[in-house]
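I opened the file to look up a helix, a sheet and the nonpolar cores. My notes are below the view.

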Amino acid sequence: MKLKFKHQAYQANAVDAVADCFAGQSLTGGIQYRVDPGRANKGGQQSLLDESGFSNGEISKSINLLENIHAVQRRQNLPLSTALACNKICPVNLDIEMETGTGKTYCYIKTMFELNKRYGWSKFIVVAPSIAIREGVYKSLEITAEHFLQDYGKRARFFIYNSKAFHNLESFSSDAGINVMVINVQAFNATGKDNRRIYEELDDFQSRKPIDVIAANRPILILDEPQKMEGAKTLESFRNFNALIILRYSATHKTEHNKIHRLDALDAYNQKLVKKISVRGISVKGLSGTNAYLYLGGIEISAGKPPVVGVELEIKQKSGIKRVLRKLYKGDNLFDKSGGLDQYKGFVVSDINANTNTLSFTNGEELSVGEVTGDVNEDALRRIQIREAIKAHFEKEQVLFYQGIKVLSLFFIDTVAKYRCYDEGGEPNGEYARIFEEEYTGYLNEVLTLDDNSYNDYLRGIEASKTHQGYFAKDKKSGRLIDPATGKKSTETDDVDAYDLILKDKERLLSLNEPVRFIFSHSALREGWDNPNVFVICTLKHSDNTITRRQEVGRGMRLSVNQHGDRMDNPATVHQVNVLTVVTDQSYQAFVTELQSEISAALSERPRIADEKYFTGKVLKTAIGDVEVTADLARDIEFYLIQNAYVDKNRHITAKYHEAKKERQLAELPPEPAAHAEQVFQLIDSVFSAAQMPEIENGRNTKANPLNANFDKKEFKELWNRINRKAAYAVDFETPELIRKCVAELDEELQISPLQYTIQRGEQKGEASYDELKQGESFKVMETTTESNHASIRSAVKYDLIGKLAEQTRLTRSTIARILQEIGKAVFDQYKTNPEDFIAKATRLINEQKGTVIVEHLAYDAISETHSLDIFTKEKPRMDFSKAGEKLNHHIYDYVFTDSNIERTFVKELDTSNEMAVYAKLPRGFFIPTPVGDYNPDWAISFKEGAVKHIYFIAETKGSMSSMELREIEQCKIKCAKKFFSKITSGQVKYDVVDSYGKLMELVK
């Protein structure tokens, strides 16, 4: 199986952020120079490299680098840098912030290709802080090679620096193509004999210093996790590389330079680029006056039956007292169940509450799911963790197996002996492996059913001993697994062999044909784990201060892939499929509090104050181009927030704002900001608020929501038979029509801003302190003037205007040429003034017209394939029952889980309606294909015959019915859905958007 890579807008943004900083740089090939041939040894051969090398061309002095950086920063509403971050290490230092799991390695590899394409730069060095990251980078270069060959028509030559393989350095210098050297910081920063070789004149390298040969290429340095490479000695050693540019990629920058891109934890979560987090904590609780051991594992519900609770308790058996899992019902007496153990006297089950996840006894004691009481030692905690990880694994696997997604669970342990023991007889299971197989076998027997289905066949085909595997360092002589060696101040190992094994098996582990599903690894190897299909992480080790909660969850944050290597990132289902469960020996509350605190601390660069000062000067990216927020507009926004209590007295965004936004019930904006409502709210959202923090689920609150008798009603079956047809869409329009619309739109709307430059006049202060001199503040600015450049810059830079527009609009070059030929001369002449602004705005306007034409000419045709009823059963949605409302009468499930107050009110009125026969919240697996992405409607409703005019109805619930407040993409999907249902049901099923039950009844009566 091969991983597939697709083009992601957020990754392209990160690439453009870097490349656009050098806008105006001319495209040149590598600068040719004569490579130092060195001196041949006595009797030896002269270097074969007595030839030309190709170095990166210098940054043109004609481009205003700071102004370019400001343009990039304004585009993302980042703080504007006051000056270029130029230092003794490198004249250009750019920071790119990207959250773990969003593909920063992919981004900086793509950036290499883009910089080469735009400016001809071809020599790159990736510096990694550890062997693990170095090996991961090399693996990424391997698996993305074909992908970038298709995109850019060329391959990169890449190698890992080796102090004994200098032929790679000679090729690095002499090759004119894209060349990438991957090196770990220890290779040039440590004092060992091999590490010093990079700075020494070497006999086996024609008396040359390797670092001199490298430095002659003016390489671009890419620092992966730079915060781990900030020691004084390391920073000083970077000077030796003679870098043209240094790009720093990290989720947590410690030292800031010119930050040009930010994709932090909030952005990544809100844009659904990483998994959602769920936590299963374990709370140790002492019951008053007793030492009865009890562990409440979970509460199960099923249609038509009372809830049942899974409890581990001590039971007297012939062989002694053992801890056993039992299912208990209301009225069960634990004294009897335990075989008469006195500590359980008075423990009679009085209530099992599935909504609050609590178990109550007649003696007044109460336990919540995940709580353990009595004699609780570390062994008991570890067994519970392993059991919970297995349980979480099966719950995910039962759903994802049918979608072709392999589920992996990862255990981190602190010593190999807990997993594998060695004696004269071989290698018996260690304690954790033995516990795992016991718990796995026990839970497997619960999961297996008598049904003849592919999932049962899959489980029966895997032996318990074959489904877990250990990834550890190995002793080279004996082949036995060993604890990896770590440095004095390190919690990570540099064992190449262990990481090699992890990385080699990355794709193999994703295949359902591979029986390994549960992986045990040493905590010192955690950095090498980035398999996208890790869905469960369990840390079986003592908590310490060396590993943060973010690091723990970071190993499983990447979005998963299916058996075809396709990334499971459909916006409609991404956080239904991609949920990472962390099984911890802390309580849910304690773990989440620590994790939220770490995320909040990492967001320190986010603005916290929503006031006029912050909003003024920001840029709104609107359909008519960039709009700068004036002081008046900023005051309007601040007053709006104050007036509606969306900020407190300190101008911090309140929870009320975020709740109103989620419910689509935000107060109306004043007239001026209302003209750009979506962009204004995006600007407000850029201000940090605790209410924005990613929602972390309590994994113990989720339970399967069983179907009820309404699912089998003939009214539902009849409705389903009408809507379950799949369809393909076709768009049939004439190119002249699109050209005509584009020309009219460009002539009307295309307004290009001239290039601007700033002139500052300053003078030295009369008196300057030592500190002012040291900080470069001994001069003061006296006057600042901004001028516009209306002259043509075509002679300085060559642009492929037609090619760029064709690439970004996905239209043919001939169509683009026709559009440009027919627009007004004055409009086209604006291209000379600011080519980049012309390309950006023309692209947007053409794409808007293209979208309009597509929807107008869209037609659906039903195909033979249908949606199976299995999407209601095989998906087996697990929902958070703490958010469940009351039991329902007419829904196909007993409970429905809604996203907003509007939906909750809608369900309440729908369920009590006399006209209602049956209704369903449509599962995510039911979707309609549209040109702007798959669309999943909300509700399928069947009324009683004769009660209404339209018996069958598909409803989309929205908080606002105003088309102005529905995003453009939503409007497009709604228009497509109307065409879809009209076609496939021949008008028998009505589809519309409603904001209330009253609106629905207006439409059907």
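The entries start with the source and go on to the elements.

Source. I worked on a predicted model, in which local features need pLDDT of at least 70, side-chain atom pairs count only at pLDDT 80 or more, and totals for chains, interfaces and linings use all residues. Residues are numbered from 1 along each chain as its sequence is written, and side-chain values use heavy atoms, with hydrogens and water left out.

Helix α4. I took helices (H or I, at least four residues) and strands (E, at least two) as DSSP runs, numbered from the N terminus. Helix α4 covers residues 131-143 and reaches 18 Å from first to last C-alpha, close to the 18 Å expected (1.5 Å times one less than its number of residues). At its start I found a side-chain oxygen of Ser130 within 3.3 Å of the backbone nitrogen of Ile133.

Sheet. I noted 4 strands in an open, mixed sheet, ordered β35-β36-β37-β38; two strands pair if DSSP finds at least two bridges between them. β35 and β38 each have a single partner strand, so one side of each is left without a neighbour in the sheet. Strands β36 and β37 pair antiparallel over 4 bridges, and Ile941 stands opposite Phe953 in β37.

Cores. A nonpolar core is a set of buried (under 20% relative accessible area) Ala, Val, Leu, Ile, Met, Phe, Trp, Tyr and Cys residues joined through side-chain atoms within 4.5 Å. The largest has 47 residues, and Trp121 is among those touching the most other members. Helix α3 gives the most to this core, with 8 residues. I also listed a second, separate core of 38 residues, including Phe411 and Cys538.

Key:
Polar contact = N/O pair within 3.5 Å; in protein donor to acceptor, adjacent residues only side chain to side chain. Buried < 20%, exposed > 50% of the residue type's maximum accessible area, 1.4 Å probe, protein only.
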